Amino acid sequence: MDLSVINPILLIAALMSAATPILLAATGELVVERAGVLNLGVEGMMILGAICGFAIAVETGSPLTGFVAAAIGGAMLSLLFALLTQVALANQVASGLALTLFGLGLSALLGQRYVGVKPPRMGDMNFGPLADIPVLGPILFSHDPILYLGIALVAAVWATLKYTRVGLILRAVGENHDAAHALGYKVVRIRTLAIMFGGACAGMGGAYISLIRVPQWTEGMTAGVGWIALALVVFASWKPWRVLLGAYLFGGITQLQLNLQGAGVAIPVEYLAMSPYIITIVVLVILSADKSAAPGSLGRTFHASH
Amino acid sequence: MKLITLLASAAVALGLAGGAYADGHEKTKVGFVFVGPIGDGGWTYEHNKGRLAVEEALGDAVETVYVENVAEGPDSERVMTQMALDGADLIFTTSFGYMDPTINIAAKFPDVKFEHATGYKRADNVSTYSARFYEGRAIQGHIAGKMTKSNIIGYIASYPIPEVIRGINAAYIHAAKVNPDVEFKIIWAYTWFDPAKEADAARALIEQGADVVLQHTDSTAPQAAAQEAGNVVTFGQASDMGQYAPFPRVSSIIDDWAPYYIARTKAVIDGTWESTDTWDGIGPGMVGIGEISDAVPADVKEEALAMKAAIADGSYHPFTGPLKKQDGSDWLADGEVADDGTLAGMNFYVEGLTGEIPQ
Amino acid sequence: MIWLEKRPQPSRFFAYITPLLAVLATFLFGGLLFAALGKDPVQSIITIFWEPLFGEFAFYYRPQLLIKGAPLVLIAIGLSLGFKAGIWNIGAEGQYIMGALFGAGVGLAFYPAESVLIFPAMVMAGALGGWLWAMIPAFLKVRFGTNEILVSLMLVYVAEQFLASMSLGLLKNPEGFGFPGSRNLQQYDSAHNAEIIAGTGMHWGVVAALIAVIFAYVLLARHRLGFAVRVTGEAPRAARFAGVNPGRLVLFCLGTSGMLAGLAGLFEVAGPAGQVSIDFNVGYGFTAIIVAFLGRLHPIGIVLAGLLMALTYIGGDIAQSQLGLPAAAIQVFQGMLLFFLLALDLFTNYRLRLGRAETA
């Protein structure tokens, strides 16, 4: 056992990259849940984003176009969820699960031609001399553009929710849709937009896996990341910056686990893999003292004639 | 009941019961049960290539059918039964977890031949087959030992089962033989296939100084991670992963089920099929060694090819003594060769490997 | 302008007709999908829906419907009680795993002793395992007011890791040459959940599912507890005036659903599956949530929905092998079916109106 082989700087840089897919997806889901909707279809939207982004990046040769396509793909699939839950007033839990099933199948069908294909690579951002700063350079200035986009998205969501009228309306709809409706807000329209935003973010998160982290396309390649993103939103108690923190924590546990194994430390892998979920439950219990944490209307169906 | 019988016979008369009977039983029907999707680019992908090779080689004499993503357990029993009912003459079940289901269903269909991959239970109409992937690992170990400059070789392992442990031992023995300073860093990923996790594992190993990464998981994610790092050597696993050649991928172990599948199907056609236990390696072609690229120095390549030839003709066995176990106790005396029983159930590291096998 | 008006009473007519419409819509869109993949759409749909029920080998597939459907129905019945009361257990998959581990653990602990008491003991242990796992979110909800949707979901992943650890460690078959997975309970007579009448598919899990259906039906229709469940779901505030103790109801609903999921896991591991292995769980706990909603949370509806889901799985596998349809196409087809079933339920509770809404 030799812990000195673990380089903390590289570990942090690696976990930032590893955390980006869940960060993107969870930020999107946070907005959805703040609007009072629980969409359990994150996994399905991510995998569809993964193939849409991959296919378009391969066809056009541009990873950036791929990410745009991934966002559109995710948003389109989430629109299906919006139709079911907002227009047809179907149960959100069941619709979300069905969405995941559908997304996994559809992505596999779309991706049949792309197995074994190598996608175009997205280069890292060029910060010039900044990247050479010791410690901070590798951690802060050595990544691809989407990683920075993910962090910027967190900041944007935070600012929007906190300081803007849009954010206020969104939160009002999520807290009490009947009251928001009485105030004249279009609950269904706002929620549909929030759901599509969530879909777009999840799609980009999926594409980050298929275009940057792995990069390749294979069926079912998101391997449950969407479910972790759902846990993360709760862990973060629906607050954007805590999503960032949580994503790094969740990503960090996996990275640390792998690094410890490499360093020859015998660790019970399964029990470590459980820990993010157990921590999330503990956080939930702690949060329960604060009754305002969860959006009041989360998961409830809204119909105007109530 | 009468109505149902009537409906059933009507369905058959209308040709609704599937196309299998339109041309009678002239064609030999071969079924394949797959544990993953055929698009996984690894394990199932290679088995499906074997299926396509059977169609190609035997043409009109055969018809193949397959079902993918079949869960181990009752679903696999149902799929096997369904294939047998639909007139399959030979069924390949391609995952270890199908072992007991295969035995169960084979007992119900004594006239149908079954072939179970990687298992150890046989019957009069059930053969088993598996590949000696460790032979390929030995060659990889040799190249890895020669190629490493940091003397640190990373190994992405899947589950702590004999097959994987055998691979680690075979690679280590031959790496240490040419480079006594070599050290193995092993990460257990607890998955056969999870590209994101494999990529993370590869990066963790590379960050810890590994400049060769061996993998016993099936995706190309570690190859891409190595390419990104720039100076790290990798080997293809399950399929050739040639899109990463000539570097970082310098060679590969290829699961090549085609020769076996064709031979066994022919045996059924000729009526010469018998229950057997096949554990084939490089010699019969079940384990393929992907082209060794020019990134490997010519002399190393020559040695590797020589070892491949020696293993293929049986003059060299990768587990030849003197070898000790990790705890220092004797395992094989000088010149002694490991028996298949020990190899099949291998649950220990050889001397020199550090760390413990997780339990 | 078209708008929706809530019906004063759910429409019985639409409750019966919408599932049929949904199936027809799925035939249409699924047929288009199959045609796009170059397969004969009519034959594909016949293979999926007709073949298992009335095809040449229906004698084999019909019992398989029971084997595939029973765990779905058993779990969904438990879930439906909670769902009716607005208590959301979506972690049945975890409770299913824990039931299987507890039950199999008890059975394996006695190996190789033979006794008629072993199987009943396993059944009790399985029920206990599922119940305990569901008691975690139940207790946390009652004591701290945590959200049971999220806690029960998180516990699925904990259970999955626990399953991996058990099949690689404690419960690993000592005679299994180091491969992960437990001994096969099918080969251990005292622990085997065998078919009660050979060839019928009727094992104890199917019996348990039937009992659960009857139990739920009677409970909801006749018993005071069933009244408490219904009234809590429909009007939580009124329920409190009616003397319903919300905490006790949470414990009851989550406990019952956990217990039934645990039983489903036990019957599966001791019967059709035979052994604990890393991939033992195949998503019954999640599919059962969909089954519960497809069945409109009604016991009889759940039986029909469970059998319908089982039919698409079995027929889907037949279509794969006979017609070469990819598994992904079957998944998409199932997804469509669920979407239409969920969406068209709208008309049971609402009616379309043309013109302007009076209150908006």
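**Reading helix packing and chain contacts**

Modeller: Let us begin with a pair of helices: the crossing of helix 12 of chain C and helix 13 of chain C is right-handed. Please keep in mind that this is a predicted model.

Biologist: At what angle do helix 12 of chain C and helix 13 of chain C pack, and how far apart are their axes?

Modeller: In general, two packed helices are described by the angle between their axes and the distance between the axes. Here, helix 12 of chain C and helix 13 of chain C, the latter spanning residues 299-323, pack at an angle of about 130°, and their axes are 8 Å apart. Angles over 145 degrees would count as roughly antiparallel and those from 65 to 115 as roughly perpendicular; the two helices are therefore oblique to each other.

Biologist: Which residues meet where helix 12 of chain C packs on helix 13 of chain C?

Modeller: From helix 12 of chain C come C:T287, C:V291, C:A292 and C:L294, which meet C:I302, C:A305, C:G306 and C:M309 of helix 13 of chain C. By class, this contact has 6 nonpolar and 2 polar residues, with no charged ones.

Biologist: Let us turn to the contacts between chains. How many residues of chain C are in contact with chain A?

Modeller: The size of an interface is often given as the accessible area lost when the parts come together. Here we count residues instead: 38 residues of chain C are in contact with 34 residues of chain A. Among the elements giving two or more residues to the chain C side are strand 1 (2-6), helix 6 (118-144) and helix 14 (327-344) of chain C. Helix 14 of chain C gives the largest share, 10 residues. That side of chain C divides into 26 nonpolar, 9 polar and 3 charged residues.

Biologist: Which element gives the largest share of the side of chain A that touches chain B?

Modeller: That contact takes 32 residues from chain A and 30 residues from chain B. On the chain A side, helix 1 (8-34), helix 9 (187-213) and helix 11 (240-262) of chain A each give two or more residues. The largest share, 6 residues, comes from helix 11 of chain A. The chain A side comprises 17 nonpolar, 12 polar and 3 charged residues.

Note on methods:
Residues are numbered from 1 along each chain as its sequence is written. Chains are lettered from A and ligands numbered from 1 in the order in which they are written. This is a predicted model: local features need pLDDT of at least 70, side-chain atom pairs count only at pLDDT 80 or more; totals for chains, interfaces and linings use all residues. Two residues are in contact if their C-beta atoms, placed from the backbone, lie within 7 Å. Helices (H or I, at least four residues) and strands (E, at least two) are DSSP runs, numbered from the N terminus. Ala, Val, Leu, Ile, Met, Phe, Trp, Tyr, Cys and Pro count as nonpolar, Asp, Glu, Lys and Arg as charged, and the others, Gly among them, as polar. Axes are lines fitted to C-alpha atoms, for helices over the stretch in contact, and angles run from 0 to 180 degrees between N-to-C directions. Angles under 35 degrees count as roughly parallel, over 145 as roughly antiparallel, 65 to 115 as roughly perpendicular and the rest as oblique. A crossing is left-handed if the near helix is turned anticlockwise from the far one by less than a right angle, and right-handed if clockwise.
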